[in-house]
Amino acid sequence: MRLHRLEFGEIGPFTGTRVIDFTDLTASGLFLLEGPTGAGKSTLIDALVFALYGSLGESGSYDRLRSDFAPDNQESFVDLTYEVSSGIFRIRRTPRYERARQRSRPRGQEDPGGGDSPADKQTTTKNATARLWRLSSPSDQRGDLIATRVEEASTEVLETIGLSREQFVQTVVLPQGRFASFLKADNEERRVLLQRIFGTKIYQDLADELKNRRLEAESAQLGLSSELTAAVNALAKTASLPAEQIVELTASAAQAAEAGNRAALAELCDQVSQRAQAEGRRAADAQKEATERAQRAKATALKAAAQAQTAATKRSLTGRLEELSADSPRRAQETVRLQEARRAGPVIASLDAVLDAKEELETAAAAGTKAGLTQQQLDQAKLQEVGLLDDLQTALERAQADSRQAQDQLKAAQLLEGAVATATAADQALTLAQAKQDRARTAAANAAKLVERESEQGPHVRAEVSRLEQLALITDQYAKAIKALTTIRRRSDQARKNFEDAQRQELALRDARLAGMAGEMATDLQAGRPCPVCGGTEHPAPAQLAVDHVTREQVEAAEQGRSAAEAAYERSAAKTGEAQALTAKLEGSGGDSDPVEVANQLESAKTALAELGDPANLREALERAQAGLESANLRSQEAQAAAAAAHDQLVQARSLSKGSGAAAAKAALTQAKGRVTVTRRRLEAAHLVTQAAAVAHATEATAQRALAEAGFASPEQAHAVRLSADQIQRIEDELNKLAGEAAAIQQRLAEPELAAAKGDPTELNDAATRAKVADDQATEAVTEAARHAAVASQRAAAIAAAAADVLCTAEVLARAKRDTAAVIRVANLANAGKQNLRDVDLPTYVLIKRFEEVIDAANGRLRPMSDGQYQLERSDAKEATRKHRTGLALRVMDNSTGQARDPRTLSGGETFYVSLALALGLADIVTAEAGGISLETLFVDEGFGSLSEEALESVLVQLRRIHAGGRVVGVVSHVEALKQAIPDRIEVRPALKGTSTLTVRSARRGGARVPAP
């Protein structure tokens, strides 16, 4: 990379605009950046690094980049033109800084919304910007704009240069003070710095991952070993093994775990299982024998019990049959008694019917007496004389005729009373109709007044209600818009944050991809084919592609994610603008009015409108009132006609009644109805007596015939042999039961089993008892044998399962050791374990190789600088504070004495040029690691003041040799001797009030040139 032009303004102590033309300044290949300490030399380096990477050279704060003397209306910027193999580019950046707000709220004025608002702040943030152009030549001021955003420009610059910011400041800006520290640092400090520069943390991560996997494998093996020991103990406990066999089994399990003697372990487990199975078989045989004995004892017991039961049954049945034979005479007597009772049954029923008929006749006679019949009339009824009934029927007809005459008289009297009541009601209805007519007339007048008032005031009140409703709607929309605006702003802030995160993610992936680009390019290298970078056909040490190398697809995916986040941010910003416009529009329409006051006014207007009433309802009410008035007039006329007709009816009713009173008519009617009732009751009673007498005569004749047919001389004789139905049924059931029992016993005794039964039941019972005892004992023996067999079977199964568990666990442990052996071995190698003969872990080993390359490159610079006196050597010395060797110890070999020296024993001048050689060597290796990128401009920082004249001249010779190799070197120093040795220089001098001046002196231009502010 070659620098062409640097322009900056309002940066650090420099006010106005400054321009540095490196094309003129670097013609001789060496220029000087000189000035006293604090004048601003480092600011130029910061501006250069900021232009390319958007951050400072030493990761400092932005606060020191923006000039403290810059006017608020002047922005700070850096504009750099540079050239790389892919073309000429121009990058212009502005840093983020705080500037005064152009319009802010006057002091003392409070925010009407309460709290702090953006308007309360006196400054605002000016965000960083970046623009990148591709130029046709260094003098081209237009070019093609290829990037307009900060992240996009940073990504493009990174791709064109090919170095990260960390690599750039180590190879282009050589910080001598840092490399002096690096030269004298201990091994750990040197390891950290090299790891950061060469990006070898991936190897540390790999070693850590291998270590973790080794620990996981060892932990798993330890767990499986514990499981194996537990399985062996479980087998020993289940099988009750002796101590010496447990020791043998444990040793075999351990050997099997190492996959060396699994057969012996299997043989031991089989022996234990077979012994348990043999015990189980013996217990099963014993159970079978006990079962057979129990079956024989049970059969004997059942047979003895059956014989004893049969003998006892035969004895019991024989005794009962004898008892039934002795009871035969009594049963014969009961049979005769039962026959007589059944013959007397119909006779007794007839006699009971006669008694019932007589009781009914007496009841009817009592009812006739109560109804007013005389004894003579009762006797006539009992004799069934029809004349009495005819006389009573004639009397009833005369009483009914008198009742009808009295009813006619009562109707005439009631007609008169109804006419009087109708006339009175008609007069009252007329009065009510006239009152309703007056009220309807008043209601119609009131309705007309309401309609008139609504016509005059209604339009104005409704217009006010509409206006207030619209205003209430606007205030509500305004409140919602304010709330929505707050939410949209919050989402917009989140979208901006997401956009920034996506930008950083994309940039990080691009950095990572560029860092591993050498490995990616190396994958396409083929023997004999030229390298696309250096053109060589031999590739002795191609870079390795990292496992986590970032691919182009990942970068493109990140770019798409960033584009999506940017689009989301732009959409949210657009929504924010729309929400702000809507809020302003609503505010202009009165949306900021007090919602409570608007609501109160609206409520008052609605109340007034409600008091006026709805026009349609009022007109409808007026129409109803007018219709009611017409209806009232009509009803009043109808009431007058009805009153006149009622009075005419009253006159007619009075003429019909002929003066008879209603009271006399009612009394005559009551007397006539009484005679009708009494006569009807006597007639009904006479009928009842006549019917009861007929039933009594008939039942008595039936009873006499039944006595004669049954052969009883008198009713008393029939009652003597009478039995109730329950008694008859009980006697009959008992006789049938006893007869059936005797027949059943005779049938049972005839059965072959009972007929053949012999022996004394008592003796047979004793034999059955003895057989039952023998059966119970045999059953208990079977139960005990079954329990022993089950225990033996379960124990054999448990032992077999435990043995299988031991074999399985041993196999799993052996397989786990085989599967993880390679991981453990590689982890030990990568982490300087017992299998690592050099006692150096993988990250350190990689750094050692890089460090040796740096030392070789540095010695190529150091030997000429020191006239061959010094050269650097790497040492494997082990530090007392570290467990493993780092291999990063550094010694300085003094060829004049043949002794190696500690770098901390070097003098100041020696330290400078040794450090410079080391820095230049590291720059060579870093650029080579970056794919052979050409760095044609570099800066060397302070440290020249410690050199002698001879050493200084030697260093300058080396720096000129760097130019001979195609590079331009900028020396940063305030040493006076360098001013004489280097004519091209940039002079920085402090001015008044903390500012600085800048002067560019170029021998090619023939003198000094001071850019105008």
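Me: How many bridges join β11 to strand β12, and do the two run parallel or antiparallel?
Reply: Strands of a sheet pair through backbone hydrogen bonds, either parallel or antiparallel. In this predicted model, β11 and β12 (residues 889-894) run antiparallel and are joined by 6 bridges. As one point to look at along the pair, Leu 872 stands opposite Val 892 in β12.

Me: In what order do the strands of this open sheet come?
Reply: The order is β11-β12-β13, 3 strands with antiparallel pairing. β11 (870-875) and β13 (899-901) are the edge strands, each pairing on one side only. On average, neighbouring strands of the sheet are turned by 40 degrees against each other, direction ignored.

Me: Which helix lies across β11 and β12?
Reply: That is α22 (residues 842-865), and it runs at about 170 degrees to β11.

Me: Which residues have the most contacts inside the largest nonpolar core?
Reply: A nonpolar core is a set of buried residues joined through side-chain atoms within 4.5 Å. Here the largest one has 90 residues, and Ile 20, Tyr 82 and Leu 872 have the most contacts inside it. Helix α23 (residues 908-929) gives the most to this core, with 10 residues.

Me: What is Leu 872 in contact with, leaving aside its neighbours within four places in sequence?
Reply: Its contacts include Ile 855, Ala 858, Asn 859 and Leu 862.

Me: How many residues are in the second, separate core?
Reply: That core has 25 residues, including Val 232, Leu 249, Ala 802 and Val 806.

Key. Residues are numbered from 1 along each chain as its sequence is written. This is a predicted model: local features need pLDDT of at least 70, side-chain atom pairs count only at pLDDT 80 or more; totals for chains, interfaces and linings use all residues. Side-chain values use heavy atoms; hydrogens and water are left out. Two strands pair if DSSP finds at least two bridges between them. Helices (H or I, at least four residues) and strands (E, at least two) are DSSP runs, numbered from the N terminus. Axes are lines fitted to C-alpha atoms, for helices over the stretch in contact, and angles run from 0 to 180 degrees between N-to-C directions. Contact means heavy atoms within 4.5 Å. Buried means under 20% relative accessible area, exposed over 50%, partly exposed in between (1.4 Å probe, protein chains only).
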